[in-house]
Amino acid sequence: MSNSADYAIVVETLSKRYGDLLAVNEVSFHVNKGEMFAFLGPNGAGKTTTVEIIETLRTPTSGRVCVLGMDVAKHKRDILPRIGVLPQGFNSFDRLTVNESIHYYARLFGNKTADVDGLMDLADLMDKRDVQFQKLSGGLKQRLGIAIALVNDPEVLFLDEPTTGLDPHARRAVWDVLLGLKRKGKVVFLTTHYMEEAELLADTVAIIAKGTLVAMGSPGELIERHADYMWLRLKCVDANVGKTIKQMGFAPVLDSHNNLKVQVKHTDDVQKILNAIKGAGIPLPGLDVRKPNLEEVFLSLTGEELHAGALTAGDAQ
Amino acid sequence: MTPRIIAANLTVRLKTFRREKSAMFFTVAFPVILVLVFGAIFTKPEHLNFDLPVQDRDQSLASGELLKRLAADGVFKPIALPADADAGQFARDHKLNLVLVIPHGFGDVLTHRLTHRDDTDSAALTYIYDPSSTSVTTKLQFLNSMVAAANQQMSGTPPFITSTQQSILSKTYRFIEFFVPGIIAMAVMTSSLSGALNMNAELRQKGILRKLATTPITRTDWLLSNILYQLVLAVISTVAILLVSYAGFGVRLQITGWLPLYIVLEVFVFVGIGMMLTLIAKEAESAAAAANAFLFPMMFLSGTFFPVEMMPGFLQKFARVLPLYYVNEGLRAAMIFVDNLAALRCGAITAAVAAAVFAAGAVVTRWDREV
């Protein structure tokens, strides 16, 4: 058993059952101090249930969860002042302004010295300070939610799907705020179903599917470990190219843009394929080689997609 | 209990209230409109006046005298119908619900009776009326009593039986004075219960309660914040009702310490009930239905608009389990009858209900997601 005080969060064989549904099944992991931790999984995988147990909002069916060395089942009142939470689909009071909302939550925490201006600055909300919540766009609401989650200067920050439902521009703006937090060394526990978000922000990624933790590590490690291949893409190819590659024992696929994609293990394979094309006297087409991303790791681990349109996460939803 | 947190919540609610024009309008306007409407309908029945279509087929001095007596106290204003018309048809054609017909020979019969002292002589008036009309009963009552008076005076027989009225109350009160305490109790109940219910259902639906659950606020803080806010609204609407009642109808009520005490207790009771109903009505849409299902029986069966003694026996028994009944009774005891003992008795019952509901509300209000 790990010493829970050494980590920001320790989760040990956590299970949560709702009637017949086992929403979380013996999940164990820990979050290091100073790290940004992404909890990645499709809708209904058990992300929010897990995070709400860690936030003391739900009680576990079995297992143990410690935050900052304290058991969530016993120390709710001690934990709450030291964590900050952005719940899924954050809302504040419709007719309160940005400034008033932050002040309100600061008063709840008894934080008279809360640097409201600093928080508005951090979330890039200064020019919206006197705008009522109901008039804010989705991205601004989320940024306000993040600022509010920081009013008590928490040691651990929980962000439950901070960019779900936002357009690509608003999502980037939220990411900028999160990158700022990362630079400050805050422990951030991020749940998301955007692999792009996890890849960009997280030090450690844990992948959950159907209530079970399927993999954990840094984005790079996960890709190394679970997707040890590369994609060679050949542009606008001659029909004979596919035939030539097939004869070499590879399985090329034609994508919707009429590009040929070939999965290869080593850079040597790329060399061989290019040589074969050259040898067949076909003019060398445009090409690129890329490593697989977390989405593909996820696919290979679970056999299911993170969410519809995940490969172009920036445009989804 | 943390005063800082309660103050923060109260500030938020009051800011929202101030910025929500419609909420402000309804808090003040709804009870005021009720007072005005019911006050106008039910007060000063002595100032009632009706047109009285009359077909005078006699056109004599005597029939003229009768009409003068009927018109004497201003309730009826006789309007002459053509003497040769078919009165029944005329009433149907002109949608009249009451027509008085004075028969031909009315004056001759009277003269004969007075000169020959013949008590068997009589003249029959005819009331042609529409029994489906709601106001016709009132008109007939007035008309009958006036005709009876005219009967005595014109036939020259002084009455044997006379009567005087003596109230068992130290002072007489008018309907509007009975009505105002009921309206205050109703306004406070409505805004407390539906205010607490709607607000909590909305905050739950928007996930604000979930966010609040991650802050140091406790259930007691939350309940007290709601109660304090509803208390402010209750004071606003009570003051508005009293101002309109005094200015518009010149009511005479005893404003003592009982009134604020009852308002505080009532807010506790109905905010608590509203918080409990939030558990059943989880969405804002069903909250309104739940509130109405609770409020309407309470409103009509607790003696808000009329004394419970007017209801059938089993409903009177039922009224005694409704908390609003004791608020109504207690407020009337204090404000109209100056019966401190009755006010104390009803106040004690209301206080017991308030304590029970508050405790239950604090227990059932759930912050976390297990509900």
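Modeller: Quick ground rules: residues count from 1 along each chain as its sequence is written, and chains are lettered from A and ligands numbered from 1 in the order in which they are written. As the model is predicted, local features need pLDDT of at least 70 and side-chain atom pairs count only at pLDDT 80 or more, while totals for chains, interfaces and linings use all residues.

Biologist: Is strand β7 of chain A buried or exposed?
Modeller: Strands are DSSP E runs of at least two residues and helices are H or I runs of at least four, numbered from the N terminus. Buried means 20 or more other C-beta atoms within 10 Å of a residue's own, exposed 12 or fewer, and partly exposed in between, with C-beta atoms placed from the backbone. Val156(A), Phe158(A) and Asp160(A) point one way and Leu157(A) and Leu159(A) the other. Five of the five residues pass the cut-off, so β7(A) is largely enclosed by the rest of the structure: buried.

Biologist: In β7(A), what is the bridge partner of Ile83(A)?
Modeller: Strands pair if DSSP finds at least two bridges between them. β6(A) and β7(A) run parallel, joined by four bridges. In β7(A), the partner of Ile83(A) is Val156(A).

Biologist: How many residues are in the largest nonpolar core?
Modeller: A nonpolar core is a set of buried Ala, Val, Leu, Ile, Met, Phe, Trp, Tyr and Cys residues joined through C-beta atoms within 7 Å. Val156(A) is one of the residues touching the most other members, and helix α7 of chain B gives the most to this core, with 15 residues. The core's total is 149 residues.

Biologist: Is Gly88(B) buried or exposed?
Modeller: Gly88(B) sits in helix α4 of chain B. Its C-alpha atom is 8.5 Å from that of Tyr129(B), 41 residues apart along the chain. Because Gly88(B) has 12 other C-beta atoms within 10 Å, it counts as exposed.
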